[in-house]
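Hello,

Here is the structure we talked about handing over. Please open it beside this email and follow along.

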Amino acid sequence: MPVVKIHTQPHAQGEIAVYRLTNASGAYVDVCNIGAGITAVVVPDREGRMSDVALGYRDYADYIGDGPCMGKTPGRFANRIAGGRFSLDGKEYRLAVNNGPNHLHGGPTGFANRLWHGETTGDSVVFTRTSPDGEEGYPGTLTARVVYTWDDDCRLSIALEAACDASTIVNLTNHAYWNLAGENAGSVLGHELRLRASHWLPTDQTLIPSGELADVAGTPMDFRTSKPIGHDIRTDFPALRYGKGYDNCWAVEGWRAGEESLVAELYDPQSGRRLTIRSTQPGVQVYTGNWLAGSPRSKSGRSYADYDGVAIECQDFPDAPNHPDFPSAVLRPDGTYRQTIRFRFDAE
């Protein structure tokens, strides 16, 4: 079926627009030009019953300036940068500090809180945005592009692209929160998670990586074998104390630049729905919605509670610009940033 625009509403930044991509089975995805984000994913359970498995808000305007970064594309740099500072080619750049002492998700007026230009092309929706030189402190005029494609296998493919006229840093991801039992079903701590990762990135109390890649063996960070998200979440372990749950990055096993690989599998025993995630990116940040309480009114008419959804964000390592040993997040003017994320939904 063709992609259709299903909603528009005026906003101070311009027109909010929502697009729907529907496959042959009737399963569909809604995407919005606010932060080039996902606002709904409606897929069948093991009995064929359809439910929306992506958390979201009733009023689209609430996506702008929200704390959870619900479903959106944060940038220029997703995740944290220590002290809001980094150096590039001998020059120090200072960014907004908006998460304790650190910079988070591109700052308070980053990509996630902007209206992107949206258009349909074939079976895809394309969002583009030009970020001027100096916006939120980042160097260079950068043009970003996010392409969503939905197919008959219930696979949502996201192409993330960027180019800049000067050397800069960029790290794009998608920040959808999943609840495979349905967006209003409550806690996801019973969902089973498997990560293709034998090492994770320990952090300080402000969730800035130390630079170490630590073995997950014998720790609550070991998801090499599928286990309930809540199995170890109350363990007295530094990372879990710092974040009030999981808010950590794992290094994807066997990652090679430019190659797509399996990253994670999420399964809900209640509905039988499974989400398989593949990406070209070196890291995966798992955030168990530890601070969802107090978020704007949901699609179901209430504020979500903590742990009602889990974000599984394929991305570069947090604070990569300040860690030369991490995969580089530098984009040069003669280069193009290209990454992919694929979310595939099925049920058993």
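β1 and β2 form a hairpin, with two residues between them. The two strands run antiparallel and are joined by seven bridges. In that pairing, K5 stands opposite Y19 of β2. Please keep in mind that this is a predicted model.

The next pairing is β2 (residues 14–22) with β3, again in the antiparallel sense, over five bridges. Here V18 stands opposite C32 in β3.

Step back and you will see an open sheet of five strands. The order is β1-β2-β3-β4-β5, and the pairing is antiparallel. Which strands stand at the edges? They are β1 (4–11) and β5 (50–52). Each has a single partner strand, so one side of each is left without a neighbour in the sheet. On average, neighbouring strands of this sheet are turned by 15° against each other, direction ignored.

**D30**

Now look at D30, found in strand β3 (residues 28–32). Is D30 buried or exposed? D30 is buried, because its relative accessibility is 4% and the cut-off for buried is under 20%.

What is D30 in contact with, once neighbours within four places in sequence are left aside? The list is I6, V18, Y19, R20, G37, I38, T39 and A40. Two of these have come up already: V18 as the residue opposite C32, and Y19 as the residue opposite K5.

For a sense of distance, take D30 and F86. They are 56 residues apart in sequence, and their C-alpha atoms are 36 Å apart in space.

**A second hairpin**

Move on to strand β10 (residues 117–121) and strand β11 (residues 124–131). They run antiparallel and are joined by five bridges. G118 has F127 in β11 as its bridge partner. β10 and β11 form a hairpin with two residues between them. G122 lies in the turn and has a positive phi of about 60°.

**Aromatic rings**

How many aromatic pairs does the structure hold? The count is 16. One of them is Y57 with Y63, a tilted pair. The centres are 4.7 Å apart, with 50° between the planes. Y57 is buried, at a relative accessible area of 2%. Y63 also counts as buried, at 2% relative accessibility.

Another pair to check is Y177 with Y287. Why is it edge-to-face? The planes stand at 70°, so the pair is edge-to-face; the cut-off is over 60 degrees. The ring centres are 6.0 Å apart. This pair links distant parts of the chain. Y177 is in strand β15 (residues 177–178) and Y287 is in strand β23 (residues 283–287), 110 residues apart. Y177 counts as buried at 1% relative accessibility. Y287 counts as buried at 10%.

There is also a cluster. Ring pairs link W150, W178, F343 and F345.

**Charges over rings**

Two lysines to look at here. The charged end of K227 sits over the ring of F223, 4.4 Å from the ring centre. The charged end of K244 sits over the ring of W291, 3.8 Å from the ring centre.

That is the handover. Send questions back any time.

Best wishes

Key: Residues numbered from 1 in each chain as written. Predicted model: local features only at pLDDT ≥ 70, side-chain atom pairs only at ≥ 80, totals over all residues. Heavy atoms only, no water. Helix = DSSP H or I, 4+ residues; strand = E, 2+ residues; numbered from the N terminus. Buried < 20%, exposed > 50% of the residue type's maximum accessible area, 1.4 Å probe, protein only. Contact = heavy atoms within 4.5 Å. Phe/Tyr/Trp six-rings, centres within 6.5 Å; stacked < 30°, edge-to-face > 60°. Lys NZ or Arg CZ within 6 Å of the ring centre and 35° of its normal. Pairing = 2+ DSSP bridges. Axes fitted to C-alpha atoms, helices over the stretch in contact; angles between N-to-C directions.
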